[in-house]
Amino acid sequence: MKISSKARYGLKLCYALAENYGKCLSVTALAAETGATAAYLEQLAMLLKKGGLIGSERGAQGGYYLL
């Protein structure tokens with residue numbers, strides 16, 4: 001069974017957020033954990049946010065978190 005790279009990195013993103021549950025992680029921190037570029041993770045995060053899996057917080061201490 002083949003999994004697309006978008007699905008693979010989306011799962012890596014959710015896994016990284018699950019490991020740090022209760023914390024907001026910046027895109028740069030997520031990029032370091034997943035191995036994907038920050039721009040690509042922003043695109044994936046917007047899709048996951050629309051799907052209701054993750055949330056975001058703005059500001060200096062902001063980032064993405066698992067719902």
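Which residues have the most contacts inside the largest nonpolar core? In this predicted model, where local features need pLDDT of at least 70, side-chain atom pairs count only at pLDDT 80 or more, and totals for chains, interfaces and linings use all residues, the residues in question are L13, L17, L30, L41, I54 and Y64, within a core of 16 residues. Residues are numbered from 1 along each chain as its sequence is written, and side-chain values use heavy atoms, with hydrogens and water left out.

The secondary structure of the chain consists of three helices and two strands, which follow the order α-α-α-β-β from the N terminus; helices (H or I, at least four residues) and strands (E, at least two) are DSSP runs, numbered from the N terminus. The radius of gyration of the chain, taken over C-alpha atoms, is 11 Å, in agreement with the value near 11 Å that a compact globule of 67 residues would have under the rule of 2.2 Å times the number of residues to the power 0.38. Along its principal axes, the C-alpha trace spans about 40 × 25 × 20 Å. Of the contacts in the chain with a separation of 6 or more, 47% are accounted for by residues 24 or more positions apart, a contact being defined by heavy atoms within 4.5 Å.

Of the 67 residues, 33% count as buried, where buried means under 20% relative accessible area, exposed over 50%, and partly exposed in between (1.4 Å probe, protein chains only). In soluble globular proteins, nonpolar side chains tend to be buried together. A nonpolar core is here a set of buried Ala, Val, Leu, Ile, Met, Phe, Trp, Tyr and Cys residues joined through side-chain atoms within 4.5 Å, and the largest such set has 16 residues. Two or more residues of this core come from each of helix 1 (5-19), helix 2 (27-34) and helix 3 (38-50), with helix 1 giving the most, at five residues.

Residues up to four places away in sequence being left aside, L30 touches L13, A16, L17, L25, L41 and Y64. I54, placed in strand 1 (residues 54-57), is buried, with a relative accessible area of 2%. The C-alpha atoms of I54 and L66, which are twelve residues apart along the chain, are separated by 4.5 Å.
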